[in-house]
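Here is a short briefing on one protein model with a ligand. Have the sequence and the 3D view open while reading.

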Amino acid sequence: MESNEILSLLAEHYKLKGSLIPLAGELDLNYKLTIDNETAFIVKISRDPETIASIAFQEALLCHLKEKEIEGEVPQLIQNLSGTYQKEVFLNGKKAILRVLQWVEGRLWSQTNPILSDLRYGLGNHLGNIAQNLQDFKHPFAQRSFEWNLSECLWVEQHLGLFTATELELVTPFITAFKTHQKTYNQLPKSIIHNDANDHNIVVSQALIQPKIIGIIDYGDACYSQTINDLAVACTYGIMDTEDPLAASLPIVKGYHQANELSETAISHLYHLIGMRLVISLTKAAINKKSHPENKYLLVSEKPAWALLHKWWKINSKRAYYSFRKACGFKAHPNLAKFEQWGKANTFSLKTLFPSQKKQDTLHLDLSVSSLWIENEAAFNDLTYFQYKIERLQEANPHKIIAGGYLEPRPLYTSEDYDIQSNEGPISRCVHLGVDFWLPSKTPVHALLDGRVVMALDRKGEKEYGGFVVLEHQIDAMHFYTLYGHLDPESIAAHKVGDALKKDSLIGLLGNKENNGNWAPHLHFQILLDLLDYTEDFPGVQTYQEQDLWADLCPDPNLLFKSEELKPKLKPTTEDIMPFRKKHLGKSLSIQYQEPLQVVRGHGAYLIDQNGQKYLDTVNNVAHVGHEHPSVVKAGQQQMAVLNTNTRYLHPNLNKAAKAIIDTLPKGLEVVHFVNSGSEANELALRMAYTVTGGKEVIASEHGYHGNTNGTIGVSSYKFNGKGGQGKPKDTHLIPMPDAFRGKYRGENTGSLYAQEVHKTIASIHEQQKTLAGFIIEPIISCGGQVPLPNNFLALAYKAVRAAGGLCISDEVQTGCGRMGTHFWGFELYGVSPDIVTIGKPLGNGHPVAAVVCTQEVAQKFANGMEFFNTFGGNPVSCAIASETLNVVKKEKLQENANQVGSYLIQALKALQKDFPILKDVRGHGLFIGIELLSDQQNPLALETSYLANRMKDLGILMSTDGPDHNVLKIKPPMVFSFSQADRLLHGLRRVLKEDFLSVPKTL
Ligand SMILES: Cc1ncc(COP(=O)(O)O)c(C=O)c1O
């Protein structure tokens, strides 16, 4: 009824005809008008006196911006037939103002997922641009009194009675802070601002990957106020529902500052203003709730605002201020330049700090992620051993103080206290902010400068500071602090907060392992430009993501000592490594990820990059029992230290490793040939088949991969039919990939149909008067997309091959050594036993050792007089490693773990399929799983699969894709993969699957 009336008004005043869709609006009636399904307008009917009064102002503002031709879209008013932008009309007999604006094409911020830093930067930048272009715009209406104007926010105080005591705890600090800073705030530059960049007013492009800001709509709340308030409003909405709102706000601030420069004073108000904007929203919500108690929506919509206020309140305001400064390109601390200057002009001797030490020179100790000195986690967490090594180093360098560590990313901080939740998943604090001086316990530590004690206490606990002192110093008008950690608590017990300490006086003695967090004795020395309101602690390590901020707050202590050795040691960056690799390493080597990872350390199911970023590895089935498993490493190191030679001498390791393998295999498979890689194992297996049968013809599966040697490429259709491949050799015979999900024959009972293909192939070989040598296949075809073989296929196929005189080779390079969970070997899933088994990747847990195991009969026939000699294969080091890997599988019950965690994961992934229908198939056994992504029309979704893997990397989870159509996600993590790691993987998948690029229905 109403819309008919509006349509006729539009025809009368604008000559526009089309169809109307009602839109949400607080005071105005809003409609989308579409003409011929294409051109769109927004029709606004204002009946509320308040909005009517503002219409002329909005009109002037939009016309002003139109003239400025700013980048991005600004809503355009459409002229009516009288040549004006507004028309007084009567709707339902009531006076109203009709306006028409051009539709800004796109979607709303509130409908965009994910919102990443680039988009937040774009928001800030666009808003800054608008603010910049409104600097010279004036209008009397903008000066009206307005509850949403942050500068008038104290009206909320009249409504504090609406809040509970707990709510008040969050609200009042912001009101108090606002009042405290009101004087300087009032002096901040003012201009007319948009004032309402909320998630329903920000229009984002339709691009589902890296969308851009199109524009900001709805100028109804524009007013004259402190210019910074606009940014505060945008931040408030732009960081809602984030894990770390401060981190989320920084790109918005940065983008804004690039377009409209903020002063350092303005920045100092931002934290409180964001809090205050939330307080206004929540007060409004509380008032509405009281007047409309029946409206449950009000309750739901205020929830995220309360959650944000709670998080915001917990953030230290100074820390936020320094972060904003850094985002704007200022030094995070205003005194940094002054401190650096003073540091340059004043040099301190280590003799002042440690007067008992004759030595002054330092020797750099590398404790960074890539340091070989610290060895693996088991080694560096063995603090007795760590201390022993430090002492040896001290003995070897009697004239030097072992020291270092400023801005060093370290893997040492493994307790959960160091983990934090970022907007992109868990990250850990690992960058060291001070310098460590490794000296014996009881070494006296003295004051470098006059100071006043601001903290002196015993910070008890594992990997804590122990005895801990912070001194405050004043140089001219500049205050800074020096921090001393790992002191003997007794030696500092006499210090009280406020005590003056003269230069050269004793601060305390270095603690020992027992009284300083179980660290080997050392001094952690750090400079602080601000205490950030800490009174009993101060962080000594921070995240890599915030390294630049903290480097400004905790400057390099070497500014005082100026020692060459103490200078931070630069490690090779990606930029250092790439050019050489590109030029001098094989041109067909590939690199994963657009931004390649430089991985320098592994532990369990984690890989760690040079900056200390930890990635959960769901891909690497080579690190079978966990990256750098300590007992496997030790087995290799110990044997390597004693002997490594070839198999022409007797050595018990060879027998031991062979026995360990044979013990896991069915009876009959009992002769082992050690080689160095999966390719070599398959090459040898093929040669055995040729020698034993006298034949040359080999049957293999489509999309199979068996290695990189000439012979194995010849049976790998994944390679010879792939890019750069030479096509199928004439003695290779392919059967269709036995894929019951999307292969030639589909469904449960297709094993015999695929086996028929083997029969047909044998018949064709025989027709050509040729002799079958063998049949090679993986029990679950990995490169083919983690495809398990259909029931009964392998039994029937083996029978046919054997009947034709061929040998059956099971390629267990990917699937073997317990990964299947229920069985130790993949072929056992199907109740068969091959003639030859090839083992590769997992056997050495990353060390190149592989094996071919066959029957006595095959071995006898293969031994035709030609010696099998392999320089490295079967050497005592590799054998020690292989034995220990198998031993760890047994000792740590990793096959059982693969079964339990794998079944859990498969079940949970199947449950995920219900919510995300693009996950068309979940398949696999144990910890060898594939997820196939297809559209509703069953078309492969390669881009979506790659998107998923890339976004998971952003969340700190490594995944890989495979399959002939590149649409299968592979999960084959180290076998130590735990339930909680599976949960993290599932959580990440669920989060990414909800993102727009994946959740928009795929109807290809
Ligand atoms: C099933 C299968 N067989 C053989 C190989 C070759 O092993 P390697 O790379 O150790 O030579 C691979 C390697 O990925 C494989 O996946």
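The model is predicted. Elsewhere, eight strands form an open sheet with mixed pairing.

**Ligand site**

- Gly 678 places a backbone N or O atom 2.8 Å from an oxygen atom of the ligand.
- Asp 811 has a polar side-chain atom 2.7 Å from a nitrogen atom of the ligand.
- In Lys 841, a side-chain N or O atom lies 2.7 Å from an oxygen atom of the ligand.
- On its own, the ligand has 390 Å² of accessible area, and the protein covers 84% of that.

**Sheet**

- The strand order is β11-β12-β15-β22-β19-β18-β17-β20.
- Strands β11 (361-364) and β20 (500-501) are the edges, and each pairs on one side only.
- Strands β15 (residues 435-438) and β22 (residues 523-528) pair in the antiparallel sense, over three bridges.
- Asp 436 stands opposite His 524 of β22.

**Helix across the sheet**

- Helix α11, residues 336-345, lies across β18 (466-475), β19 (478-487) and β22.
- The helix α11 runs at about 70° to β19.

Methods: Residues are numbered from 1 along each chain as its sequence is written. This is a predicted model: local features need pLDDT of at least 70, side-chain atom pairs count only at pLDDT 80 or more; totals for chains, interfaces and linings use all residues. Side-chain values use heavy atoms; hydrogens and water are left out. A polar contact is a pair of N or O atoms within 3.5 Å; within protein, one must be able to donate a hydrogen and the other to accept it, and residues adjacent in sequence count only if both atoms are side-chain atoms. Accessible areas come from the Shrake-Rupley method with a 1.4 Å probe; for residues, only the protein chains shown count as cover. Two strands pair if DSSP finds at least two bridges between them. Helices (H or I, at least four residues) and strands (E, at least two) are DSSP runs, numbered from the N terminus. Contact means heavy atoms within 4.5 Å. Axes are lines fitted to C-alpha atoms, for helices over the stretch in contact, and angles run from 0 to 180 degrees between N-to-C directions.
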